[in-house]
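Student: I should like to study this protein by question and answer. Could we begin once the sequence and structure are in view?

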Amino acid sequence: MVQKTALTNPVYHPRAEAEFETINAAIDRVGYLRREIDRTEGMMNDAIAAVKQSHEAAAAPLKKALERLEGLVERYCTKHRNVLTENHRYKFAEFPAGAVSWRSRPPSIQADEESVLKYLKRCRKKAFKRFIRTAESIDKQALLKVPHVAALIKGVTIIKGEEVFVIKPVESDLAPGKPEAAA
């Protein structure tokens, strides 16, 4: 069992007291600046949200008009597709204001993960193994547990954890509850 050691205050030294106060003040200032940045980002996000809401409200009737016109064009072109594409000779039709086209999307598969897993279990028992793809990959967690073995494998490099210096000013959250009325 690894024993945790408690942090102790450094031995007092008269010359270090001034430096200590300077560093303590710097840590306090770091906390203040971080809080100011958070407040500034909050104000920015509030302003962005207001602008976005304003523009979305302005765009709503435009989107509705666009959907109506796109539907009108699609219905017309579908109804007259043989004439517009010369009996499907072309996949597009040109108009003076622009063009329309019909494109076939490639086939794709949409599957429910749970249903597929159940199906795969049944396939393994039957002759449908050709529908199952097995992927092999390196178990990095297992290699980290035995770094001396991992070091012997060509192409594997163990990257040691780096020490990171973190400044964490003392901060406190506001107490929950109702704000008191001003007197």
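Student: How many helices and strands does the protein have, and which pattern do they follow along the sequence?
Tutor: The model is a predicted one. Its secondary structure comprises 5 helices and 2 strands. Read along the sequence, these elements give the pattern α-α-β-β-α-α-α.

Student: What is the mean pLDDT of the protein, and which element has the highest mean pLDDT?
Tutor: The mean pLDDT of the protein is 81, and 80% of the residues reach 70 or more. Where pLDDT is low, predicted coordinates should not be read in detail. Among the elements, helix H3 (residues 113-125) has the lowest mean, 73, whereas the highest, 93, belongs to H2.

Student: What percentage of the residues count as buried?
Tutor: A residue counts as buried when its relative accessible area is under 20%. The accessible surface of the protein comes to about 18800 Å², and carbon and sulfur atoms hold 58% of that surface. Of the 183 residues, the buried share is 7%.

Student: Among contacts between residues at least 6 apart in sequence, what percentage join residues at least 24 apart?
Tutor: The count here takes contacts in the protein between residues at least 6 apart in sequence. Of these contacts, the share joining residues at least 24 apart is 27%.

Student: Where is Glu 86 found, and what is its phi?
Tutor: Glu 86 lies in the loop between helix H2 (81-84) and strand S1 (92-95). Its relative accessible area is 44%, so Glu 86 is partly exposed. Most residues other than glycine have a negative phi. Glu 86 is not a glycine, yet its phi is positive, at about 50°.

Student: Is Asn 87 buried or exposed?
Tutor: Asn 87 also has its place in the loop between H2 and S1. Its phi is positive, near 55°, although the residue is not a glycine. Exposed means a relative accessible area over 50%. Asn 87 has a relative accessibility of 62%, and therefore it counts as exposed.

Student: How many aromatic pairs are there, and what is the arrangement of the rings?
Tutor: The count comes to 1 aromatic pair. The rings of Tyr 90 and Phe 92 have centres 5.6 Å apart and planes at 55°, so this pair is tilted.

Definitions and conventions: Residues are numbered from 1 along each chain as its sequence is written. This is a predicted model: local features need pLDDT of at least 70, side-chain atom pairs count only at pLDDT 80 or more; totals for chains, interfaces and linings use all residues. Side-chain values use heavy atoms; hydrogens and water are left out. Helices (H or I, at least four residues) and strands (E, at least two) are DSSP runs, numbered from the N terminus. Buried means under 20% relative accessible area, exposed over 50%, partly exposed in between (1.4 Å probe, protein chains only). Contact means heavy atoms within 4.5 Å. Accessible areas come from the Shrake-Rupley method with a 1.4 Å probe; for residues, only the protein chains shown count as cover. Rings of Phe, Tyr and Trp (its six-membered ring) pair if their centres lie within 6.5 Å; planes under 30 degrees apart count as stacked, over 60 as edge-to-face and the rest as tilted. pLDDT is the predictor's confidence in each residue, from 0 to 100.
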